[in-house]
Amino acid sequence: MAKAVVREPLRSNSRANRARILATARRELGRNPDVTLEELARAAGVVRRTLFGHFPGREALLEALAEEASEALRGALAAGAGFTEAEPAERAEPAERAPAEREFAHLVFSIWPVGDRYRLLLALARHDLGAERVAEVLAPARDRATAILERGQRDGVFHTHLPAAVLSAGLEAMTVALLEAVNTGELEDDGTRAAVSTLIAAGVPQERARAVVASVASTAVTRPASDD
């Protein structure tokens with residue numbers, strides 16, 4: 001009995017330390033991808049031995065961040081999956097797919113809260129994780145975006161000046177730039193401006209883009225990403 005009482009706080013402290021280290025690593029690596037583990041330990045308020053107890057080295061820490069980002073993105077995509085014009089419970093027949101521009105706006109809103117993970121992964125791709133590992137983590141989001149763009153191009157909603165995959169990559173780069181602007185304080189955005197901007201860049205007229213995003217915003221997933 002006594003042992004169980006003693007161990008529980010230790011497990012709780014260990015979980016808290018790990019979560020704090022990861023949250024600090026996301027923040028500090030986002031600012032400086034070359035930050036050292038010693039600097040991260042100080043910023044997280046733990047001793048070097050505690051950090052290495054959770055993550056034996058930089059590679060282990062970065063892989064943990066990659067897996068955390070993967071889980072966050074999968075959760076965001078699952079939350080935004082199956083977006084329809086009406087919920088199935090509201091009518092007898094199966095719900096129809098929403099127009100492509102609405103679905104794409106909803107995708108942006110769904111991913112925006114975990115955009116810091118997205119931005120960090122792209123930065124780490126150049127320094128540590130490697131392009132292949134990062135592409136593996138981001139593949140579900142990229143595939144979803146490309147599929148929606150392809151459908152929108154077939155429906156005449158988005159321009160066909162670029163292949164859908166190329167257009168998707170360009171919109172991703174623009175979204176990351178907007179996330180950077182938010183991170184530096186140059187822009188305030190809850191995802192609304194990003195959603196409008198991506199629709200316009202995809203070929204939706206400005207007024208239509210604003211109207212679509214306004215109608216989607218009330219149902220979109222905009223919860224903050226957890227640091228746990």
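**Entry 1: the largest pocket.** I looked up the lining of the largest pocket and noted that H1 gives the largest share, 5 residues. A pocket here is an open set of points on a 1 Å grid over the protein atoms alone, with protein on both sides within 12 Å along at least five of seven lines, and lining residues have an atom within 4 Å of a point. Helix H1 (2–31), helix H6 (115–127) and helix H8 (164–184) each supply at least two lining residues; helices are DSSP runs (H or I, at least four residues) numbered from the N terminus. Of the 14 lining residues, Arg26, Arg27, Asp116, Arg119 and Asn183 lie nearest the pocket centre.

**Entry 2: the source.** I record that this is a predicted model, in which local features need pLDDT of at least 70 and side-chain atom pairs count only at pLDDT 80 or more, while totals for chains, interfaces and linings use all residues. Residues are numbered from 1 along each chain as its sequence is written, and side-chain values use heavy atoms, with hydrogens and water left out.

**Entry 3: helix H10.** I checked the burial of H10 and found Ala209, Val212, Val213 and Val216 buried (under 20% relative accessible area, 1.4 Å probe, protein chains only). These residues cover an arc of only 95° around the axis, which puts them on the same side of H10; the arc is that of the directions from the helix axis to the C-beta atoms. On the other side, Glu207 and Ala214 are exposed (over 50%). Helix H5 (100–111) and helix H9 (192–202) are among the cover of the buried residues of H10.

Definitions and conventions: Contact means heavy atoms within 4.5 Å. On a 1 Å grid over the protein atoms alone, a cavity is a set of points where a 1.4 Å probe fits but cannot get out, and a pocket is an open set with protein on both sides within 12 Å along at least five of seven lines; lining residues have an atom within 4 Å of a point.
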